[in-house]
Amino acid sequence: MTREVRESGGGWWCAGVRWPGEVPELGWSRGGRRRVSVLAYGAGLGFRAVGERHCVGARGNVCPLGAVVPGRSTGGRCAECARLDRAHSVAADTMADDPRTYRVYLAWFGPGLVKVGITGEERGAARLREQGAVAFSWLGRGPLMAARRTEEVLRAALGVPDRIPYARKRVERGHLPDTDERAAEVAELYARAVALEGRGWPESLERLPLEVVDQVGIFGLDRTPEPEPEPEPEPVPLPASGPVRAVRELVDGGVVAGRLVAAAGPDLHLAVAGGGVVVLDTRLITGWDLAAESGSDVRVPLIDIGGGGVQGGLF
């Protein structure tokens with residue numbers, strides 16, 4: 001488990017997974033202090049939730065109400081902090097005079113599952129890793145409003161969304177086609193997008209060449225994890241189709257512990273004894289006080305990936 005949790009003695013809150021580079025990190029906060037833990041595939045990761053889940057605040061500020069938030073909330077914020085956080089985001093279109101350069105990207109999450117989006121050029125591909133994009137290509141670069149206009153044109157003309165639910169991404173992640181097929185679908189979308197130049201494409205947006213970046217290796221999705229051993233009976237092999245269960249929410253005293261085998265976006269894939277691989281959306285652990293746990297155990301409510309059937313109780 002991370003050194004931060006071992007040393008905290010309470011009070012350290014997880015801020016979720018970050019992707020500043022090609023290696024995932026867990027962010028931690030305690031008042032105004034910040035720390036990160038670099039994650040490694042194959043290493044153990046475990047914790048126990050303590051007490052209640054509290055609002056994580058907005059834009060780096062502590063929630064003034066100290067509000068308690070629901071365990072199933074992926075935002076981890078009370079209504080007021082969520083409003084403040086949204087109001088200052090690029091997506092809110094309140095930053096028309098932003099002088100920075102932005103990039104438009106085409107992201108692929110599975111067969112037929114593509115989207116268009118924008119990100120600040122100085123962030124590189126961090127936004128694509130944060131979203132769990134299996135493959136992507138840049139499309140263009142330019143001022144914020146030109147990038148936003150291009151995004152809107154592509155959504156309307158090509159019928160591609162600007163958001164895809166994480167639940168759908170998890171389903172497709174367990175059944176990925178080969179590298180060539182992934183690249184071909186990105187290239188096909190790129191060709192359709194550039195065909196729109198001169199038809200609503202802002203002149204101030206510079207088109208970038210097609211260069212498909214595949215992130216399967218970065219996420220560890222090309223690894224074949226071995227199952228965690230059990231004293232008895234014989235170890236249960238991992239399902240060939242990938243993870244089939246995900247954490248629905250944390251509860252006071254709930255434990256999640258296993259071996260990290262992959263990570264994509266906010267999701268950590270943990271190999272656990274007798275249960276194959278369980279997906280933990282780290283957006284669900286923000287705002288919790290966490291205590292270290294070792295071993296391989298999951299005792300929180302789980303849900304089937306893709307099937308929608310909830311497995312009630314603590315596991």
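A residue counts as buried under 20% relative accessible area, as exposed over 50%, and as partly exposed in between, with a 1.4 Å probe and protein chains only. The model is predicted, so that local features need pLDDT of at least 70 and side-chain atom pairs count only at pLDDT 80 or more, while totals for chains, interfaces and linings use all residues. Residues are numbered from 1 along each chain as its sequence is written, and side-chain values use heavy atoms, with hydrogens and water left out.

**Exercise 1.** Determine how many aromatic pairs there are, and describe their geometry.

Step 1. Rings of Phe, Tyr and Trp (its six-membered ring) pair if their centres lie within 6.5 Å, and planes under 30 degrees apart count as stacked, over 60 as edge-to-face and the rest as tilted; by this rule the count is two.

Step 2. W19 and F219 form an edge-to-face pair, with 5.3 Å centre to centre and 70° between the planes. W19 is buried at a relative accessible area of 1%, and F219 is buried at 0%.

Step 3. F136 and W138 also form an edge-to-face pair, with 5.4 Å between centres and 75° between planes. F136 is buried, its relative accessible area being 2%, and W138 counts as buried at 16%.

**Exercise 2.** Find which charged ends sit over the rings of W138 and Y166.

Step 1. The criterion is that NZ of Lys or CZ of Arg is within 6 Å of the ring centre and within 35 degrees of the ring normal.

Step 2. Over the ring of W138 sits the charged end of R103, 5.2 Å from the ring centre, whereas the charged end of K169 sits over the ring of Y166, 4.1 Å from its centre.
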